[in-house]
Amino acid sequence: MPRQEEPIASRAAIAGHPLHPMMIHFPVAALIGLVAVDLAFLRSADPFWARAGVWLAGVGALGGWAASIAGLIDLYTVARIRRLITASCHAIIAVMMLSVATMNWLLRVGDAGAMVRPWGLYLSLLTAVLIALAAYLGGRLVYEHTVGVDTSE
């Protein structure tokens with residue numbers, strides 16, 4: 001696909017730097033780390049890993065919803081972004097992922113150890129797969145459609 005001549009500026013930005021890509025790193029790291037923590041708990045049955053999983057799930061879900069607000073501002077206020085099917089697909093998959101991550105977190109809050117066996121791990125793995133899909137589409141938005149890219153030198 002040919003690159004657009006003029007980049008698409010973000011409206012949710014500070015000093016020209018888009019907020020959404022800045023905000024997603026910690027939630028993504030927390031939710032990917034949750035898979036490893038769930039595996040550690042299943043292997044060791046140490047309650048530390050169950051408690052760590054509750055925190056990682058919470059940070060991932062809440063941080064992801066906060067980052068999504070900046071993404072939605074761009075999606076709904078920038079017509080050129082709104083016209084991109086890639087942007088709509090990215091948003092839909094991200095909302096699906098955040099819904100699964102939020103359910104995973106809320107199920108863990110009461111009894112983290114019981115939740116991990118086996119549904120917590122399944123939900124964590126599903127979340128990781130959805131993160132990969134959303135990340136792929138987000139990369140396409142940046143590298144193919146120059147969303148939020150500053151080309152000035």
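Helices (H or I, at least four residues) and strands (E, at least two) are DSSP runs, numbered from the N terminus. Counted this way, the protein chain has 6 helices and 2 strands, and along the sequence they follow the pattern β-β-α-α-α-α-α-α. Before going further, please keep in mind that this is a predicted model, in which local features need pLDDT of at least 70 and side-chain atom pairs count only at pLDDT 80 or more, while totals for chains, interfaces and linings use all residues. Residues are numbered from 1 along each chain as its sequence is written, and side-chain values use heavy atoms, with hydrogens and water left out.

The C-alpha trace of the protein chain spans about 55 × 30 × 25 Å along its principal axes. To describe what lies inside, we call a residue buried under 20% relative accessible area, exposed over 50%, and partly exposed in between (1.4 Å probe, protein chains only). Of the 153 residues of the protein chain, 42% count as buried. Contact means heavy atoms within 4.5 Å, and among contacts with a separation of 6 or more, 77% are between residues 24 or more positions apart.

The expected span of a helix is 1.5 Å times one less than its number of residues. The 31 residues of H3 should therefore span 45 Å, and the end C-alpha atoms of H3 are 45 Å apart, which agrees. At the start of H3, a side-chain oxygen of Asp 46 comes within 2.9 Å of the backbone nitrogen of Phe 48.

Now to the charged pairs. A salt bridge is a side-chain nitrogen of Lys or Arg within 4 Å of a carboxyl oxygen of Asp or Glu, and that rule gives 2 salt bridges. One of them pairs Arg 108 with Asp 38, whose closest N and O atoms are 2.6 Å apart. This pair links distant parts of the chain, with Arg 108 in helix H5 (residues 85–110) and Asp 38 in helix H2 (residues 25–44), 70 residues apart. Both Arg 108 and Asp 38 are buried. Another salt bridge joins Glu 144 to Arg 140, with the closest N and O atoms 3.0 Å apart. Here Glu 144 is partly exposed because its relative accessible area is 26%, and Arg 140 counts as partly exposed at 23%.

Which residues does Ser 124 touch, not counting residues up to four places away in sequence? They are Leu 34, Val 35, Asp 38, Asn 104 and Arg 108, so the list includes both Arg 108 and Asp 38 of the salt bridge described above. Ser 124 is found in helix H6 and is buried, at 1% relative accessibility. A polar contact is a pair of N or O atoms within 3.5 Å; within protein, one must be able to donate a hydrogen and the other to accept it, and residues adjacent in sequence count only if both atoms are side-chain atoms. The side chains of Ser 124 and Asn 104 make such a contact at 3.1 Å, and a polar atom of the Ser 124 side chain also lies 2.9 Å from the backbone oxygen of Gly 120. Asn 104 sits in helix H5 and is buried as well, at 1% relative accessibility. Leaving aside neighbours within four places in sequence, Asn 104 is in contact with Leu 34, Met 115, Gly 120, Leu 123 and Ser 124.

Finally, look at the backbone of two residues. Ala 15, in the loop between strand S1 (13–14) and strand S2 (17–18), has a phi near 50°, a positive value in a residue other than glycine. Thr 146, in the segment after H6, also has a positive phi of about 50° although it is not a glycine. Are these residues buried or exposed? Ala 15 is exposed, with a relative accessible area of 73%, whereas Thr 146 counts as buried at 2%.
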